[in-house]
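Hi,

Here is the structure I promised to pass on. Have a look at it first, and then read my notes below with the model open beside you.

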Amino acid sequence: MSDKMHPIPFGKLMNWIAEEYITENTIFGVSKIFRKEPGQTMTLFGETLETPFGPAAGPHNQLAQNIIAAYTAGARFFELKTVQPIDGDDLPVAKPCIAAPDECYNCEWSTELRVPEAFDEYVKAWFAIKLISKEYGFGSPDGFIFNMSVGYDFEGVKTEKIDKYIEGMKNAEDTAVWKECTGYALENLSSFRNIDEAYVRSISPAVSRSITLSTLHGCPPEEIEKIASYLINEKHLNTFVKCNPTMLGYETAREILDSMGYGYMDFDDFHFKHDLQFSDAVPMITRLKAEAAKEDLAFGVKLTNTFPQKVTNGILPGEDMYMSGRSLFPCSMELARRLSDAFGGDLHISFSGGADAFNICDIFKTGIWPITIATTLLKPGGYNRANQLAGELVKENYKESYKLKPAAVTALARKSRNNKHNVRGALKTLPSRKFEGKVPLVDCFKAPCSEACPISQDIPDYIELLGEGRPYEALRVITAKNALPFITGTICNHRCMDKCTRNFYDKAVCIRDVKLDAAELGYDELLRNIQPAAKRTDARAAVIGGGPAGISAAFFLARNGIDVTVFERQAKLGGAVRYLIPGFRIDDDVIDNDIKMMEAYGVSVKTGTEAASVDELKKAGYKYVIVCTGSWKPSPYSLEGGKAIDCLNFLAAFKADPDSLELGSDVVVIGGGNTAMDTARCAKRCSGVEKVRLVYRRTQMEMPADEEELQLALADGVEFYELLSPEALAGGRIKCRKMKLGEPDESGRRRPVGTEEFEEFPCTTAIASVGTKTDSEWFAANGIGLNERGRVKVEAETLEAGDNVFIAGDAQLGAATVVQAIAGARKAADCIVEREALEALDNYSHIAGDYMRAVAKRGILSDPQCPAKECTRCLECSTVCESCRDVCPNRANIAISVPGHSMRQIIHIDRMCNECGNCETFCPYQSAPYKDKFTMFHNEADFGDSENSGFLLTGGRNVRIRIDGEVCDTVIGSAEIPEGINDIITAVVNDYTYLLDI
């Protein structure tokens, strides 16, 4: 495949728009169409503006269809992608060039087209919007503005190529592309309802009256002023000068970003020293304002350009990249504050620096406008996000002239530095949002939350049921696969939420809270309806251990009609959850609720009973044995001169009687996992303890503890000491060797390497939390083998360790999570059910998704709500994904309706793609849709240049197919073509003819 985009001729572009709008009520995939009511407008450059925002100079303004898509969703101000003398194939752009998993990074600047091609795209977009605004009633045909962007030096701007571009944009009437557009409209008047010849001939060829000057980092102030003066005095253009965030100064920028959680960003002071300085900018702007005023032209500044960074972790190719998005917002606002103060509010400021639905109205109310966006449009929801922005802005009472308000700018600059939507609250590297597996060519919609869940919960289903006021049904969905809804609804480490697509919007859907709410509201009815299952086999099963794995195994077996007995040595069931996890995290009543559900199925429970050996249990008539004994054996930690308490003993003592513990004033917890966090939080609550230090040999970023556990420990006042390895304890002080990070180990984390430096601090009690082990002696005595890591050897698919002997939970995994214990228990129980030739009973039927309801939620940012309302935020990814379609600026990923398939299918249009890589970031699979989805080619050269699976129509019903590298020439409908693929090609040929000859 090639990274070269192929513009679509105007007539074919309009044909696509008309057919798609008639058949799908969308335009280039935009379903949230904004219709501006007459009335409220603003005036800029002598032109009318219906909404004071639109896409920034970047990927969303590069091709005609991009601009049209943005307009359809509500944008009305278009800062067209920058043109410069170096263009097309002469402009080296490393690919992929965009990465926006959180904040955005890019390594491309100006248009990848030749300048004449870019000109044609902008004129086509201008003319198309004039037509569709009138024809479809989207708004006033004169209610939008095109703003040129040029760079990057004076000689370049004065070249014939750029001069011709500028003059053509000022008046395109005599250009070939204008005549192409006019000719198409006049020749096809019969296809329009609201457009006649007079209207077509009245369309103004003055495509743009304004320009934004963009200069490279390091451009001298006199060069910037020279270009701007030329644009004002010789080109007579309303002019904005784009300023770089480096005007803040290195120290200020570093302090802002570090204080907000972006300390990992890698940049030095080079650009800050060589870019335009604030002290030079103010007098320059003053002079340019005066020049523009003499010419009766508008002048202002655009804040800000992207922020130069060093490429880290291979996120993009090359060495340098440029940051934007929510992390740029506080920097841009601080620069706005300084300029607003310097000019006493007498300065027009346009904005581009992390605007989105959460802050766009706040920005506008300061008097900063127009506002341009990029990063938010690159994320799932894509252009549809503009609809929410337009809807919010039109609620504001904007007027013809909206002046800058210095006090409001100052207030927002301050707010931007502690606003929850801009502060990066995460203490660790963000988890991957992808799940395992390559995206299939057909039917690729899956819920990432369900894929990430060890027990594959049908999460979107129970979220929707709770939202519909049906908690009992929701709980039935949950308990079909989850025996412990109360425990997991309280303390689950919710890997589902890590993968939630909503993370790319705002915050993950609060899945765990929804589960607990459904459990609490539906529990009584569910319990009433549970009856001991009739025995369906004579086989009996014994479960050794009554922790999460044991309870779950018994639950699943008994529900399927198998006689099961649980043997638990403690007085009550619950295992580590009851006896180790502190009560401030989970109440015993919560644990008891789950146990009651298990017992309701008729499980026999023998507590305070050490289980007999496996052989004895089998002799007693138990055909199957599931061992769920946990991992209770501590890993020792040696300290010279002293001893560290084991964390398990400490947690058990704290849970039993916290007042009995005498730890002294200074507690040191050694370790960085979830258990270490619990240990530290418990110690903090012990009488007499003044300070709890958590010491870890790597950095906080590499701690294995979950992000939530770290946050809770910090909130409780635990102090983290990183890169330290305790070695000695004596005289009330602990001595730690300072560590540094070396090369990555087998876990992928950088290995800690000792130095010859040490650090000491007070320590009255040391508690070690460095892992646990299984009881190897018990397993050895029962003839069950262990591997070199001290874990039980089992068959991976069944967890069988011997003849009808299964191992589940921490006994098999080592210290793990509750939901992993449930997964192991279910695997073992399912194997037993299958061996008994029983049909599994899970009391659950899958709920059919509602495609239109799911699509309606896309593109809307909103904060988490109460559990019953989270259904409004759940994107129902098990019904529809289409993220690759959403996030493609060029609309190269298309969702089409295919007969015989319940959900739309994705095809990739090769000739519209420039390989920016954005769709790879947001595809939930370990895949890049621009490489891995079924691709439509339009000529043999493009087909030959690519390795993508795809098709090329070669005449009539003939088609060339490539699937997984194998090429064949055949006919549509042939048995040589896989059924689902045949369906897609047939649908394109029959129903999407506008895609055939673009």
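Let's start with the sheet. Six strands make up an open sheet, and their order is S33-S34-S35-S36-S37-S38, with mixed pairing. At the edges sit strand S33 (893-896) and strand S38 (966-971), each of which pairs on one side only. On average, neighbouring strands of this sheet are turned by 30° against each other, direction ignored. Do keep in mind that this is a predicted model.

Strand S34 (residues 905-909) and strand S35 (residues 935-937) run in the parallel sense and are paired over two bridges.

Helix H37 (residues 979-991) lies across S33, S34, S35, strand S36 (950-955) and strand S37 (958-963). Relative to S36, H37 runs at about 50°.

Arg891 lies in the loop between H33 and S33. Arg891 is not a glycine, yet its phi is positive, at about 65°. Is Arg891 buried or exposed? With a relative accessible area of 4%, which is under the 20% cut-off, Arg891 counts as buried.

Glu876 is the other one, in the loop between helix H32 (851-856) and helix H33 (883-887). Glu876 has a relative accessible area of 4%, so this residue is buried too. Which residues does Glu876 touch, leaving aside its neighbours within four places in sequence? The contacts are Pro460, Glu464, Asp850, Arg853, Ala854 and Lys857.

Now for a helix pair. Helix H21 (residues 511-529) and helix H24 (residues 588-600) have axes that come within 10 Å and cross at roughly 20°. That angle is under 35 degrees, so H21 and H24 count as roughly parallel to each other. Their crossing is left-handed. On the H21 side the residues that meet the partner are Tyr523, Leu526 and Leu527, and on the H24 side they are Asn593, Lys596, Met597 and Ala600. By type, the residues of this contact divide into five nonpolar, one polar and one charged.

Finally, some backbone details to check by eye:

- Lys95 and Pro96 are joined by a cis peptide bond, with omega about -5°. Pro96 is in the loop between strand S4 (77-79) and strand S5 (98-99).
- Leu303 and Thr304 are also joined by a cis peptide bond, with omega about -10°. Thr304 is in the loop between strand S10 (299-303) and strand S11 (307-310).
- Asn25 is not a glycine but has a positive phi of about 60°. Asn25 is found in the loop between helix H1 (10-24) and strand S1 (42-44). With 45% relative accessibility, Asn25 counts as partly exposed.

Cheers

Terms used: Residues are numbered from 1 along each chain as its sequence is written. This is a predicted model: local features need pLDDT of at least 70, side-chain atom pairs count only at pLDDT 80 or more; totals for chains, interfaces and linings use all residues. Side-chain values use heavy atoms; hydrogens and water are left out. Helices (H or I, at least four residues) and strands (E, at least two) are DSSP runs, numbered from the N terminus. Buried means under 20% relative accessible area, exposed over 50%, partly exposed in between (1.4 Å probe, protein chains only). Contact means heavy atoms within 4.5 Å. Two strands pair if DSSP finds at least two bridges between them. Axes are lines fitted to C-alpha atoms, for helices over the stretch in contact, and angles run from 0 to 180 degrees between N-to-C directions. Angles under 35 degrees count as roughly parallel, over 145 as roughly antiparallel, 65 to 115 as roughly perpendicular and the rest as oblique. A crossing is left-handed if the near helix is turned anticlockwise from the far one by less than a right angle, and right-handed if clockwise. Ala, Val, Leu, Ile, Met, Phe, Trp, Tyr, Cys and Pro count as nonpolar, Asp, Glu, Lys and Arg as charged, and the others, Gly among them, as polar.
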